[in-house]
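Here's a quick tour of what sits inside this protein. Have the viewer open and follow along.

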Amino acid sequence: MASLFLYYESDGQRYNDGSEDYAQFSGILFQFNPLTRQVESEEVYARQYLTPVIGPPPVDINLPTDVELGRYVDGPLRTIYFHDGAGGLAFALDTLTITAQVVSARCHGSSTGSITLTVDGLPGPYSYSWADGPTTTTRDNLPAGSYPVSVTSTDTGAVATAVILVGQNSRIDVLVRTTDDSIALEVSGGVGPYTFLWDDGPTTATRLGLAPGFYACIVTDFLGCQAVTVTHEIEAYRYYFSQNPIQLFRDAGPAYRADPTTKPNLSFRCEVYVEPEYLSGEFVLVGTVLEQPADRAGRTTFQVQQLLDSFLSYHVPAVGQRTITRADSLFRRFTLKHAEVFGTPPLPGPITPMSENYVLKGGLDFYEQGVSTFLQGYQPAVLPFLTWQPNNKVVALDQPEFLYHQVLTAGVTEFQLRVVVRYTDGTTQARVVASQAGVLRYEVYCLPAGFAQLGLADAPGKQVVSWQVFVTDPDGVLLSEKRHYLLDRRPLRRHYLLFNTSLGGMATFAASGDAEYDVEVSGEEMERSLPLGYDPLQGDTAVQQRQLRPVLKVASGLQLDRAMLLHLQELLLSTRVLLLNGPRWLAGHLKTSRTPLTGDAAKLRTLELDFYLPRQQLFTPLLPVLPAGLPVPAVGPDAGALC
């Protein structure tokens, strides 16, 4: 241990050890312990002999302040200890520091970053140890990421560590917006402006009037960075029904089948995006990302119709609707994205977007969805409305009728609703009822088709016998089939049921036969405990709850022909049935039962139905809704009576 400081003091007494006299001195010795890096002190004693000759007194010492007592290294810190001149310690602290000059990767995912280290604070030479192996001052060709490094001052043994972050420019993302024959690329990320190079030559972000097939485009930003090549398929004419299979078939290809080890642990991912608010351009992921393993041949098939159907609902037209209305609840736009996942561990490859397609509430039966006659042949040729009701439908003056028109022809941006009226004298009159502009392919519109809704009226000296309704473009080119209606002027009491059809539209059933309104009463009762002095007006039974289940039993009344009866299979299959009750629709459902429709006999049949309305615990008659300022009449319990 190094002595730092020592001083003596005499007690002023004279002592004799038997032969000589001496003076007694006591002192304190301060010493530096290099092991503990602490100053330690102890008491010391000394004598000055006075006889026969006076000797020298004890000597004080003071270590100079520039003499190094010791040093200690802890990580990047080096501490050197000195005497402070008063028996304590002074120290000098030095730190080994690392400064990094970083160049970010030029393109997202590229290995163009670099790091150059500068070391200061303690003398060299220095040694370098990077966590991924290198031992150099400079690193080049680096991808974005974290790079831990240790630098050692070989002269002092101090070690400094740092984690150097190498950044990168943002990824170039490409959103593909499509219709049936166009592609528009919307680019974000990277550094704009961007250039586009399609595999067939064009250099624009938007392509119009494309034939079915595959199209690929390389997108490059201002720095020369390229996005993953965008590959998109323009599909032939079609849309999808939500209650039939909507499938995405994926195939890794013959190269995988020849050598599956090229893509170990192969699976496929599928993302389903839907546009909740039509034409907003905002598509949201439905549920979670779907992932399915590839089979032995490197294939799989995703089914996504149930995810999409949950975003759709049948359209309910306004009572007495007289205008063209887009049936937004009936359809949505959606798109799919897919990617392969493989490797050890499995990692997703590039995501491939597909076209923005339309999905329509409804579907085709088991046989037809397999053979696809409707989509591939019948619909393009016939241009039917979205119901299967037969032509020459008999309707009453006040009967609400609706037709659902799907825009099928590419390039059509406007259509007209037309009617041709036939009178009792055999003459006809044609007119345009309404026009609708700004339409897009595959949209669905609800059209008024009833006598009153179309504003039809008898002419002087002649009455309306029938009319036909159809859709054309502004030049008169037919865009739909023609639906015929025959007017029934008999003053019968009718009940009108509006129901969804398999193709997504809503149709009307008129019941003109005898109707019966029944209620099924249910409830909970409990016998009262009667104490002394009970209230006789309370009775002996406590009614806990009463509930009515209204049931309207209706019949077609008319003897329906075979075609109409078969059409009414749609009514029996319907999951959305509404009853017209004055100015409002009432929800309900048909009781499931076995219902005879047709037989070999030539006789015509009637159809009888039980329509169940929602349960009621309280009663309110139909109250009038009148414009402000008009007197409101009082109503009785028969207001809104169903029969």
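How many cavities of 30 Å³ or more does the count come to?

## The enclosed space

Before the answer, a caution: this is a predicted model. The count comes to one cavity of 30 Å³ or more. The largest cavity holds about 40 Å³ of space.

Who lines it? Around the largest cavity you'll find His-405, Val-407, Leu-408, Thr-409, Val-412, Phe-415 and Leu-479. Sorted by class, that lining has five nonpolar residues and two polar ones, with no charged residues.

## The nonpolar cores

Phe-415 turns up again in the largest nonpolar core, which has 25 residues. Together with Leu-447, Trp-467 and Val-469, Phe-415 touches the most other members of that core. Four strands each supply at least two residues: β33 (414-423), β35 (444-448), β36 (464-472) and β37 (483-488). Of the contributors, β33 gives the most, with five residues. Another core lies apart from this one, with 23 residues, including Tyr-314, Leu-360, Leu-375 and Phe-402.

Which residues does Leu-447 contact, once neighbours within four places in sequence are set aside? The list runs to Ile-324, Phe-385, Glu-401, Phe-402, Leu-403, His-405, Phe-415, Leu-417 and Val-471.

## The disulfide

Now for the cysteines. The structure holds one disulfide, made by Cys-107 and Cys-225, whose sulfur atoms are 1.8 Å apart. Cys-107 sits in the loop between β8 (97-103) and β9 (111-120), and Cys-225 in the loop between β18 (213-220) and β19 (230-234), so the bond ties together parts that are 118 residues apart in sequence. As a reminder, a disulfide is a covalent bond between the sulfur atoms of two cysteines. The link of Cys-107 and Cys-225 is left-handed, with -80 degrees about the S-S bond.

## How accessible are the cysteines?

Is Cys-107 buried or exposed? Cys-107 counts as buried because its relative accessibility is 16%, which falls under the 20% cut-off.

Cys-270 is buried, with a relative accessible area of 0%. Cys-643, by contrast, counts as partly exposed, because its relative accessibility is 45%.

Notes
Residues are numbered from 1 along each chain as its sequence is written. This is a predicted model: local features need pLDDT of at least 70, side-chain atom pairs count only at pLDDT 80 or more; totals for chains, interfaces and linings use all residues. Side-chain values use heavy atoms; hydrogens and water are left out. A disulfide is a pair of cysteine sulfur atoms within 2.5 Å. Buried means under 20% relative accessible area, exposed over 50%, partly exposed in between (1.4 Å probe, protein chains only). A nonpolar core is a set of buried Ala, Val, Leu, Ile, Met, Phe, Trp, Tyr and Cys residues joined through side-chain atoms within 4.5 Å. Contact means heavy atoms within 4.5 Å. On a 1 Å grid over the protein atoms alone, a cavity is a set of points where a 1.4 Å probe fits but cannot get out, and a pocket is an open set with protein on both sides within 12 Å along at least five of seven lines; lining residues have an atom within 4 Å of a point. Grid points are joined across faces, edges and corners, and a volume is the space filled by probe spheres set on the points. Ala, Val, Leu, Ile, Met, Phe, Trp, Tyr, Cys and Pro count as nonpolar, Asp, Glu, Lys and Arg as charged, and the others, Gly among them, as polar.
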